[in-house]
Amino acid sequence: MLRSGGQSGHDESRPDTSRAEGLIQEFENSEKGWFWETTRDGTLSYISDSVAGVVGREPSDLINRPFTDLISAEVADGGATSERTLGFYLSSHVAFQDLIVRAKTKNETWWSISGRPVHDEVGRFFGFRGFASDLTKMRQSEVELDRLARQDSLTGLPNREVLRRALDDALVSAARRKHRCSVFLLDLDRFKAVNDTLGHPAGDTLLRLVSLRLRDEVGELGQVGRLGGDEFEIVLPATSGKEDLSKLAQGIIDSLSRPYTINATVVSIGASVGIVTSDYDDRTSDDLMRDADLALYAAKAAGKGTFRFFAPEMHDAARHRQVMESDLRVALEKGQLRVVFQPSVDASSEALTGFEALLRWDHPEHGPVSPVLFIPLAEEIGLINEIGEWVLRTACTEAAKWPQQVSVAVNLSPIQFKAHALPATVRSALSDAGLAAKRLELEITEGVLLSNDEHIHAMIGSLKKIGVKLALDDFGTGYSSLSYLLRVPFDKIKIDQSFVRGASDPDSRNAALIRAIIGLASDLKMQTTAEGVETQDELLLVRNLGCSLVQGYIFGKPMSAEDALAFAGNASLVRPDGFSKARESRVRIIRAALLHYDGQVMGARLRNISGGGALVECRIELAVGAEVRLDFAVGGLVNGVVRWAKGTQFGVQFNDQFNLKLLQPVKSKTKSGAVMTPDYIASGDFSQAE
């Protein structure tokens, strides 16, 4: 302890004083705090030795120096400079407490100083005495907490709250300067597959790499942040031109789609981007984020790996989806859902072996709703377990009415498969229906197996103990891995219809793939089912390749429970019925046309079309053999002959091959950037859609 000669010392003969100074010295040595004393003019007359080491001086150098020389002029807590504040207290002879100051040191050091003026018996001012504590660690913790409150801990990017403030500021600036700002909402494609297959540490590494690429692409144009999971946001305060935004969005997609190397494994993902720009209105940041989310949804619906600008029409689509969600919640109790059954037969003997249960929704206003639309919706809103159990119980109840050799297959959603109650539900459904477990086949897709966790394997073991069969559905279309076949005791592999369709074409390599799948399944003692078989040549091909079972329109479309019962009880109904060869590729279309017939010109509507013919609908009935001419507004008049007719619908065979490319829609854009087309066109063959 250092004290100047001008101040009174302590009396060694007094035990209480000695004890007090001993305690003081022990406290000072603990480095938890220190004491100080000044003279009338604010110079130090006493200060603990530990302070000298902190400020990088010798202890003797501090005595008789102004106390304020040790204090930095840096602003503390947004107030006046510390040096002036401390000087004010020392010169005004006013007591103070917990004054936070920063020391003049190379390393950041913060003190909390308290002091009171000292007077003699007659009130004369002698100086100050006080103590101080080190706040450095506390201040650093506060800074770190503040950083964590502003930044995403994984990537170091700004978090949701910071992005919200940045967007609010951008909107205020845009309104004041009469320009527009923009927001990108970005979602990674196939990220979940990486997380599930390589583990969460690899997923975290991937997110860090993605954040670096995003920063490089955006640069000084805006602020990049992470909202959570695999979702990112980009606020662009001064960029709103459609061309510039499109270029930036495509650059981001291209950059993030380049391969990554994580733990010696090459990983590829993609990105979808929703874009919204502010207008000169009163839209808030919440409004923009909602619209950006709708644009992102549209981008993902367009096939992912692309970007979409928000368009007002998206609100209508969102409202329609909300209505569908609401209607789906009551569809089960109102009897709008039904189960249909598609037969599966032995490829060699053509004997019926079973049915696959398929779910259908007959909407009272919109008619049949595709499972492609409502099954993902049911999964998203948490209805899939309830609906799935109803399908399972219905299928088991109907199967119990069929001959003993006829089984039933039921599809399980990945969400259903993760439910701990699934084995109990299966046992209950079998027991209530009186159906033998060996007659129930549960179909799962490869997506169920991606996580490869203990629960999945335990679930498979529990289901196999019940005695049900397991089938791997849509093999080859997902994240195919031969390891699945080694780890999981499947009874059957179902070859997706995308491999079967066109396999009989000599130029197609599908037949080789089917042969390989069948050979692998045979070696593993598994059956194979070829899905989507429609034609005689496809049936002959899969039969010659050694496929065990066949399912497709050639043996029957999905049918009601009553028709399935009749089908199962009458072997004569099981016979192949299809074209000898695969039909020409068709396009489902709703397009206006002009029909020329018998000197009249009338409006007509195309329902589907191929290069050789079309399904046409008009206001009059035409006889088979009638010669007509169709005007599609492209390519001139097309001559044809009516080959079949049913009411006002009829099939026209073209005299000459028609080029379908002429019907590709001409895209136009709205002011908001939405792409509009004059007709609804969907490519592909829809005859086998489930």
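What covers the buried residues of helix α7? The cover includes β7 (182–189), α8 and β11 (265–267), where helices (H or I, at least four residues) and strands (E, at least two) are DSSP runs numbered from the N terminus. The buried residues of α7 are Phe 191, Ala 193, Val 194, Asn 195 and Asp 196; buried means under 20% relative accessible area, exposed over 50%, and partly exposed in between, with a 1.4 Å probe and protein chains only.

The structure is a predicted model, in which local features need pLDDT of at least 70 and side-chain atom pairs count only at pLDDT 80 or more, while totals for chains, interfaces and linings use all residues. Residues are numbered from 1 along each chain as its sequence is written, and side-chain values use heavy atoms, with hydrogens and water left out.

The protein has 21 helices and 31 strands. Of its 690 residues, 44% are buried. Among contacts (heavy atoms within 4.5 Å) between residues at least 6 apart in sequence, 60% join residues at least 24 apart.

Two packed helices are described by the angle between their axes and the distance between the axes. Helix α7 (residues 191–198) packs with helix α8 (residues 200–218) at an angle of about 140°, and the two axes are 6 Å apart. Axes here are lines fitted to C-alpha atoms, for helices over the stretch in contact, and angles run from 0 to 180 degrees between N-to-C directions. Helices α7 and α8 are therefore oblique to each other, since angles under 35 degrees count as roughly parallel, over 145 as roughly antiparallel, 65 to 115 as roughly perpendicular and the rest as oblique. On the α7 side the contact is made by Phe 191, Val 194, Asn 195 and Leu 198, and on the α8 side by His 200, Ala 202, Gly 203, Leu 206 and Leu 207. Gly 199, which follows α7, has a positive phi near 100°.

In helix α12 (residues 371–380), the buried residues are Pro 371, Phe 374, Leu 377 and Ala 378. They lie on the same side of α12 because they cover an arc of only 145° around the axis, the arc being that of the directions from the helix axis to the C-beta atoms. An α-helix has 3.6 residues a turn, so residues three or four places apart point the same way. Val 372, Leu 373 and Glu 380 are exposed on the other side of α12. Packing against the buried residues of α12 involves α11 (313–331), β15 (352–363), β16 (367–369) and α13 (384–399). The N-terminal end of α12 is capped by Ser 370, with a side-chain oxygen 3.1 Å from the backbone nitrogen of Val 372. Just after α12, Gly 382 has a positive phi of about 80°.

Helix α20 (residues 536–544) has Asp 537, Glu 538, Leu 539, Leu 541 and Val 542 as buried residues. These pack against α18 (497–500), α19 (510–523), β21 (527–531) and β22 (549–551).

Most residues other than glycine have a negative phi, and most peptide bonds are trans. Asp 98, which is not a glycine, has a positive phi of about 55° and is found in strand β4 (residues 96–102). Lys 178, also a residue other than glycine, has a positive phi near 60°. Lys 178 is placed in the loop between α6 (160–177) and β7, and counts as exposed at 64% relative accessibility.

Two further positions were examined for accessibility and C-alpha separation. Ala 317, in helix α11, is partly exposed, with a relative accessible area of 46%. The C-alpha atoms of Ala 317 and Ala 298 are separated by 9.5 Å, and the two residues are 19 residues apart along the chain. Arg 605, in strand β24 (residues 600–610), is partly exposed at a relative accessible area of 36%. A C-alpha separation of 9.7 Å is found between Arg 605 and Arg 619, which are 14 residues apart along the chain.

A disulfide is a covalent bond between the sulfur atoms of two cysteines. With a disulfide taken as a pair of cysteine sulfur atoms within 2.5 Å, the count comes to zero. Cys 547 is buried, with a relative accessible area of 4%, and Cys 618 is buried, with a relative accessible area of 7%.

Notes: A polar contact is a pair of N or O atoms within 3.5 Å; within protein, one must be able to donate a hydrogen and the other to accept it, and residues adjacent in sequence count only if both atoms are side-chain atoms.
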